[in-house]
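Open the model in your viewer and keep the selection panel to hand.

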Amino acid sequence: MWDPQKYLSFSEQRDRPAHDLMTRVGAERARRVVDLGCGAGNLTSLLTDRWPEAEVEATDSSPEMVEAARARGVPARLEDVRDWKPLPDTDVVLCNAVLQWVPEHVELLQRWMPELPKGAWFAFQVPGNFESPSYVTIRELLAEPRWRDRAGVLRTDSVLTPVGYADALADLGVAVDAWETTYVHALHGPDPILEWVTGTALRPVRAALSDEEWTEFRAQLAPRLAEAYPQRPDGVTWFPFRRLFVVAHRL
(Lines give C-alpha, C1' and ligand atoms only; values in the text may rest on other atoms or scores of the structure.)
Protein backbone atom coordinates (compact mmCIF):
# COMPACT_ATOMS: atom_id res chain seq x y z
CA MET A 1 0.00 0.00 0.00
CA TRP A 2 1.28 3.42 -0.97
CA ASP A 3 1.07 6.31 1.52
CA PRO A 4 0.78 9.48 -0.60
CA GLN A 5 1.50 11.75 2.37
CA LYS A 6 4.70 9.87 3.28
CA TYR A 7 5.85 9.76 -0.35
CA LEU A 8 5.21 13.49 -0.89
CA SER A 9 7.06 14.47 2.29
CA PHE A 10 10.22 14.71 0.15
CA SER A 11 8.47 16.02 -2.96
CA GLU A 12 11.04 18.73 -3.64
CA GLN A 13 13.80 16.15 -3.98
CA ARG A 14 11.70 13.41 -5.60
CA ASP A 15 10.19 15.77 -8.21
CA ARG A 16 13.43 17.32 -9.45
CA PRO A 17 14.43 14.39 -11.71
CA ALA A 18 11.10 14.61 -13.55
CA HIS A 19 11.68 18.29 -14.25
CA ASP A 20 15.18 17.53 -15.51
CA LEU A 21 13.84 14.67 -17.63
CA MET A 22 11.18 16.77 -19.33
CA THR A 23 13.70 19.38 -20.49
CA ARG A 24 14.97 16.77 -22.96
CA VAL A 25 11.54 16.18 -24.54
CA GLY A 26 11.37 18.20 -27.75
CA ALA A 27 7.70 17.95 -28.68
CA GLU A 28 6.29 21.34 -29.70
CA ARG A 29 2.70 20.10 -29.83
CA ALA A 30 0.91 17.07 -28.44
CA ARG A 31 -2.49 15.51 -28.99
CA ARG A 32 -2.37 13.17 -25.99
CA VAL A 33 0.02 13.28 -23.02
CA VAL A 34 0.31 10.38 -20.60
CA ASP A 35 1.47 10.38 -16.99
CA LEU A 36 2.19 6.67 -16.71
CA GLY A 37 2.31 5.80 -13.02
CA CYS A 38 1.08 9.24 -12.02
CA GLY A 39 1.22 8.65 -8.26
CA ALA A 40 -0.53 11.46 -6.42
CA GLY A 41 -0.74 13.51 -9.61
CA ASN A 42 1.71 16.13 -8.41
CA LEU A 43 3.76 15.93 -11.62
CA THR A 44 0.94 15.73 -14.15
CA SER A 45 1.12 19.51 -14.39
CA LEU A 46 4.48 19.15 -16.14
CA LEU A 47 2.45 17.79 -19.05
CA THR A 48 -0.66 19.94 -18.82
CA ASP A 49 1.24 23.21 -18.41
CA ARG A 50 3.48 22.54 -21.38
CA TRP A 51 0.81 21.12 -23.68
CA PRO A 52 -2.46 22.67 -22.45
CA GLU A 53 -4.34 21.66 -25.58
CA ALA A 54 -3.56 17.96 -25.17
CA GLU A 55 -5.83 15.22 -23.90
CA VAL A 56 -4.53 14.08 -20.50
CA GLU A 57 -4.21 10.41 -19.58
CA ALA A 58 -3.01 9.47 -16.08
CA THR A 59 -2.80 5.98 -14.62
CA ASP A 60 -1.52 4.34 -11.46
CA SER A 61 -1.79 0.88 -9.90
CA SER A 62 -2.32 2.19 -6.36
CA PRO A 63 -5.91 3.00 -5.31
CA GLU A 64 -4.55 5.38 -2.67
CA MET A 65 -2.47 7.28 -5.23
CA VAL A 66 -5.33 7.42 -7.74
CA GLU A 67 -7.60 8.85 -5.05
CA ALA A 68 -4.97 11.46 -4.16
CA ALA A 69 -4.50 12.39 -7.82
CA ARG A 70 -8.23 12.78 -8.37
CA ALA A 71 -8.37 15.05 -5.32
CA ARG A 72 -5.90 17.29 -7.19
CA GLY A 73 -8.19 17.37 -10.21
CA VAL A 74 -6.15 14.88 -12.24
CA PRO A 75 -8.40 12.47 -14.20
CA ALA A 76 -6.48 9.42 -13.01
CA ARG A 77 -7.61 5.86 -13.51
CA LEU A 78 -6.56 2.65 -11.80
CA GLU A 79 -4.42 0.50 -14.10
CA ASP A 80 -1.35 -1.68 -13.79
CA VAL A 81 1.47 -0.35 -15.93
CA ARG A 82 1.81 -3.82 -17.44
CA ASP A 83 -1.65 -3.46 -18.97
CA TRP A 84 -1.14 -0.03 -20.49
CA LYS A 85 -1.17 0.36 -24.27
CA PRO A 86 -0.51 3.62 -26.12
CA LEU A 87 -3.46 5.00 -28.05
CA PRO A 88 -2.84 6.08 -31.65
CA ASP A 89 -2.66 9.79 -30.71
CA THR A 90 -0.17 9.37 -27.83
CA ASP A 91 2.51 11.97 -28.47
CA VAL A 92 4.23 12.30 -25.07
CA VAL A 93 4.63 9.82 -22.21
CA LEU A 94 6.14 10.65 -18.82
CA CYS A 95 7.00 7.64 -16.64
CA ASN A 96 8.69 8.88 -13.48
CA ALA A 97 10.18 6.44 -10.92
CA VAL A 98 7.80 3.63 -11.86
CA LEU A 99 9.50 1.01 -13.99
CA GLN A 100 11.99 -0.08 -11.32
CA TRP A 101 9.04 -1.80 -9.60
CA VAL A 102 8.44 -3.98 -12.70
CA PRO A 103 11.12 -6.65 -13.27
CA GLU A 104 10.04 -7.15 -16.89
CA HIS A 105 9.96 -3.44 -17.74
CA VAL A 106 12.54 -3.71 -20.52
CA GLU A 107 10.22 -6.08 -22.36
CA LEU A 108 7.38 -3.59 -21.84
CA LEU A 109 9.48 -0.77 -23.28
CA GLN A 110 10.36 -2.91 -26.28
CA ARG A 111 6.66 -3.62 -26.81
CA TRP A 112 5.57 0.00 -26.41
CA MET A 113 8.10 1.72 -28.68
CA PRO A 114 6.85 0.27 -31.99
CA GLU A 115 3.24 0.98 -30.89
CA LEU A 116 3.85 4.71 -30.49
CA PRO A 117 3.00 7.00 -33.42
CA LYS A 118 5.84 8.53 -35.39
CA GLY A 119 7.20 11.62 -33.69
CA ALA A 120 6.12 10.51 -30.20
CA TRP A 121 8.32 10.93 -27.13
CA PHE A 122 8.66 8.47 -24.25
CA ALA A 123 10.58 9.81 -21.22
CA PHE A 124 11.32 7.80 -18.10
CA GLN A 125 13.64 7.81 -15.11
CA VAL A 126 14.37 5.14 -12.53
CA PRO A 127 16.48 5.14 -9.38
CA GLY A 128 19.87 3.49 -9.67
CA ASN A 129 20.81 3.44 -6.00
CA PHE A 130 20.39 -0.25 -5.22
CA GLU A 131 24.03 -0.57 -4.17
CA SER A 132 23.90 2.56 -2.02
CA PRO A 133 24.56 2.39 1.75
CA SER A 134 20.82 2.69 2.43
CA TYR A 135 19.95 -0.44 0.45
CA VAL A 136 23.00 -2.35 1.67
CA THR A 137 22.05 -1.55 5.28
CA ILE A 138 18.47 -2.70 4.78
CA ARG A 139 19.62 -5.93 3.15
CA GLU A 140 22.09 -6.59 5.96
CA LEU A 141 19.40 -6.17 8.60
CA LEU A 142 16.98 -8.41 6.72
CA ALA A 143 19.69 -11.09 6.53
CA GLU A 144 19.93 -11.34 10.30
CA PRO A 145 18.15 -14.26 12.04
CA ARG A 146 15.31 -12.10 13.41
CA TRP A 147 14.20 -11.01 9.93
CA ARG A 148 15.68 -13.64 7.63
CA ASP A 149 12.32 -15.18 6.75
CA ARG A 150 11.20 -11.77 5.39
CA ALA A 151 14.36 -11.04 3.39
CA GLY A 152 12.72 -12.06 0.12
CA VAL A 153 10.23 -9.20 0.22
CA LEU A 154 12.88 -6.59 -0.62
CA ARG A 155 12.96 -6.10 -4.35
CA THR A 156 16.15 -6.73 -6.27
CA ASP A 157 17.83 -4.42 -8.75
CA SER A 158 16.05 -4.76 -12.09
CA VAL A 159 17.30 -1.56 -13.72
CA LEU A 160 19.92 -1.35 -16.46
CA THR A 161 22.72 1.11 -17.04
CA PRO A 162 22.11 4.02 -19.42
CA VAL A 163 24.04 2.11 -22.08
CA GLY A 164 21.92 -0.96 -21.36
CA TYR A 165 18.70 0.94 -21.96
CA ALA A 166 20.08 2.64 -25.06
CA ASP A 167 21.12 -0.72 -26.48
CA ALA A 168 17.76 -2.32 -25.63
CA LEU A 169 15.82 0.38 -27.51
CA ALA A 170 18.20 1.35 -30.32
CA ASP A 171 16.81 -1.08 -32.92
CA LEU A 172 13.14 -0.18 -32.35
CA GLY A 173 12.87 2.88 -34.57
CA VAL A 174 13.66 5.43 -31.86
CA ALA A 175 16.45 7.89 -31.19
CA VAL A 176 17.66 7.37 -27.62
CA ASP A 177 19.03 9.96 -25.21
CA ALA A 178 20.24 8.20 -22.03
CA TRP A 179 22.24 9.46 -19.07
CA GLU A 180 22.65 9.23 -15.31
CA THR A 181 22.92 11.78 -12.51
CA THR A 182 23.76 11.52 -8.83
CA TYR A 183 21.84 14.11 -6.83
CA VAL A 184 23.20 15.06 -3.43
CA HIS A 185 20.07 15.86 -1.44
CA ALA A 186 20.33 17.97 1.70
CA LEU A 187 17.85 16.39 4.12
CA HIS A 188 16.82 17.75 7.51
CA GLY A 189 15.20 16.47 10.67
CA PRO A 190 15.63 13.34 12.77
CA ASP A 191 16.30 10.09 10.89
CA PRO A 192 15.72 11.63 7.44
CA ILE A 193 17.11 8.63 5.52
CA LEU A 194 14.80 6.29 7.40
CA GLU A 195 11.84 8.52 6.60
CA TRP A 196 12.86 8.64 2.93
CA VAL A 197 13.16 4.87 2.49
CA THR A 198 9.97 4.29 4.49
CA GLY A 199 8.06 5.96 1.67
CA THR A 200 9.62 3.83 -1.07
CA ALA A 201 12.10 0.97 -0.56
CA LEU A 202 10.60 -0.25 2.71
CA ARG A 203 7.01 -0.49 1.46
CA PRO A 204 7.15 -4.27 0.83
CA VAL A 205 8.93 -4.77 4.17
CA ARG A 206 6.23 -2.83 5.98
CA ALA A 207 3.54 -4.88 4.25
CA ALA A 208 5.14 -8.11 5.48
CA LEU A 209 5.39 -7.06 9.15
CA SER A 210 2.87 -6.57 11.92
CA ASP A 211 2.64 -3.16 13.57
CA GLU A 212 4.79 -4.37 16.46
CA GLU A 213 7.39 -5.93 14.16
CA TRP A 214 7.49 -2.79 12.03
CA THR A 215 8.21 -0.64 15.08
CA GLU A 216 10.99 -3.02 16.10
CA PHE A 217 12.46 -3.15 12.60
CA ARG A 218 12.55 0.65 12.29
CA ALA A 219 14.16 0.95 15.73
CA GLN A 220 16.94 -1.41 14.64
CA LEU A 221 17.39 0.22 11.24
CA ALA A 222 17.44 3.87 12.36
CA PRO A 223 20.86 3.92 14.10
CA ARG A 224 22.47 1.96 11.26
CA LEU A 225 21.26 4.45 8.67
CA ALA A 226 22.33 7.33 10.91
CA GLU A 227 25.82 5.82 11.03
CA ALA A 228 25.92 5.32 7.26
CA TYR A 229 24.70 8.88 6.66
CA PRO A 230 26.02 11.06 9.51
CA GLN A 231 24.32 14.35 10.23
CA ARG A 232 26.39 17.50 10.00
CA PRO A 233 26.63 19.89 12.98
CA ASP A 234 24.27 22.26 11.13
CA GLY A 235 21.59 19.56 10.97
CA VAL A 236 22.02 18.65 7.29
CA THR A 237 22.27 15.01 6.22
CA TRP A 238 23.71 14.49 2.74
CA PHE A 239 21.91 11.80 0.76
CA PRO A 240 23.56 10.93 -2.58
CA PHE A 241 20.97 9.43 -4.93
CA ARG A 242 21.78 8.06 -8.39
CA ARG A 243 19.10 8.15 -11.07
CA LEU A 244 18.97 6.91 -14.67
CA PHE A 245 17.21 8.82 -17.45
CA VAL A 246 16.04 7.80 -20.92
CA VAL A 247 14.20 9.81 -23.56
CA ALA A 248 13.15 7.89 -26.67
CA HIS A 249 11.93 9.76 -29.76
CA ARG A 250 9.97 7.68 -32.27
CA LEU A 251 11.36 8.20 -35.77
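In which helix is the place of T137? Select helix 6, residues 133-142: T137 is there. Helices here are DSSP runs of H or I with at least four residues, strands are runs of E with at least two, and both are numbered from the N terminus.

This is a predicted model, where local features need pLDDT of at least 70, side-chain atom pairs count only at pLDDT 80 or more, and totals for chains, interfaces and linings use all residues. Residues are numbered from 1 along each chain as its sequence is written, and side-chain values use heavy atoms, without hydrogens and water.

Stay on T137. Its relative accessible area is 8%, so T137 counts as buried (under 20%, with a 1.4 Å probe and protein chains only).

Next, show its neighbours. Leaving out residues up to four places away in sequence, T137 touches L221, R224, L225 and A228. Contact means heavy atoms within 4.5 Å. Now pick L225. The C-alpha atoms of T137 and L225 lie 6.9 Å apart, while 88 residues separate the two in sequence.

Zoom out and colour by secondary structure. The chain has 10 helices and 7 strands. Its radius of gyration is 19 Å, close to the 18 Å of the globule rule for 251 residues, so the chain is as compact as a globular protein of that length. That radius is taken over C-alpha atoms, and the rule is 2.2 Å times the number of residues to the power 0.38.

Finally, colour by burial. Buried residues make up 52% of the 251 in the chain.

Notes: Buried < 20%, exposed > 50% of the residue type's maximum accessible area, 1.4 Å probe, protein only.
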